[in-house]
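Dear colleague,

Please find below the structure that I am handing over to you. I would be grateful if you could read the notes that follow with the model open.

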Amino acid sequence: MKVRSSWKAALTAVGVLVAGLAGAAPGAVAAAPGVAAPVFWRVPVTADQVTGLARAGFDVAESDREAAYVVGDQTVAQRLRTLGYRPAYFDTVYKDVPAASARAAAADTFYGGHRTVAAQEAHLTQVASAHPDLATVYTLGPSWKKTKGQGGHDLKAICLSKKQAGDCSLSTTSPKPKFVLMAQIHARELSTGELAWRWIDYLADGYASDATAKSILDTTEVWVIPIANPDGVDIVASGGNSPKLQRKNADNTRGGCTGTNVGIDVNRNSTFKWGGDSNSPCAETYQGVSAGSEPETQALEKFFRAIYPAQRGTGTNDPAPVTARGTMITLHSYGNDIVIPWGFTQSTSPNDAQYRKLGAKFTASNGYLVGTNRETVGYDTSGTTDDFTYGALGVASFTFEVGASSGTCGGFLPKYSCVDSTFWPKNKGAFITAAQAAAAPYRQ
């Protein structure tokens, strides 16, 4: 779930009725195409109703202070009308519809060029083979399907650094500071895995010729997890030029859910402050039966604990010390936001001022809004990865919401060309800043 960025700092009257217009947003067409095609519906609601829609099983993609934006076909729209809501067509979901002559995409790609899990795995192997002095690939643990003998994958990470003694080992005491970039924990957020791919290539291929890339790898360990939810990405990619809108993992053992409603939201399943999100198995933010129940969560948390020491006290108000090292960015889409802790509460973190200072350096590159959940996405989230890495380990951790709310380069499924035309140019500098800050993120 992603709440619309036009709610920035405006959600000060939760529960107060806001009069929304029944018609489509400015610039949207008046009527929805095709009964079967999923689209974004604009649904005038109060702030309280946004949470209610999500918990009722509607796919609430975003919200602003006047409306929720729900993904679905005409059947979903009719369900909303039956409940007394007034949905109106807002925007398309699919932004990249290749011409018939272009449908024979490169191997292991789909929807205009986005990479499959197999392509991402092969890429890591290729980079490590081409740059043995710079790159090491690690297996973090199995996906849910793999634990059930149903195929699946191992979650993979690559460490990039000009390797000296002790570098790129699973150690909390290795000499260099660490920056982790993680992508596609929500499977349908396609641009995030592509950004991870480009970041890997920039560093590995650029080491010999780019002074900044060389400086980063000489002084820092950069870890990249390009696909944190591989089973989910397999489901998305199975739709080809009409990717399936799978957000969660593939765990289908709860609730009798069907289609893309199956699964557990791995970004609500972490063990730090778990338990405040949805208990409805078919909801997009279903948190699972217990903290850390999913193998993907277990693999990620084991990895983070293996490379980062615990640097913060156990209390909510215990700050990470200025001596703490390490940065982490988890990539999501969409909204053009940089979200800082906490997620599980509306209270700011004890390192709030330091977060905003470093966040301002990121936004100098990408122009995104820096703020807490309440200031950006507008709702609380529990059991998230960034709350875990900051809360349990003291790592300076951020969520980037990549992309606009509408248009060709907006939504979950932007046109593939937007990665190189917009997303990578905007975020390359922010990733560089995060890597350069890893030695002392709270001293910026």
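Residues are numbered from 1 along each chain as its sequence is written, and side-chain values use heavy atoms, with hydrogens and water left out.

The average pLDDT (the predictor's confidence in each residue, from 0 to 100) is 89 for the protein, and 90% of the residues score at least 70. Over residues 1–35, however, pLDDT stays under 50. Where pLDDT is low, the predicted coordinates should not be read in detail.

The protein has 11 helices and 14 strands; helices (H or I, at least four residues) and strands (E, at least two) are DSSP runs, numbered from the N terminus. Buried residues (under 20% relative accessible area, with a 1.4 Å probe and protein chains only) make up 57% of the 444 residues.

T399 lies in strand 14, which covers residues 396–401. T399 counts as buried because its relative accessibility is 8%. Leaving aside residues up to four places away in sequence, T399 has contacts (heavy atoms within 4.5 Å) with T330, H332, D337, I338, V339 and D386.

Yours sincerely

Technical notes: Predicted model: local features only at pLDDT ≥ 70, side-chain atom pairs only at ≥ 80, totals over all residues. Buried < 20%, exposed > 50% of the residue type's maximum accessible area, 1.4 Å probe, protein only.
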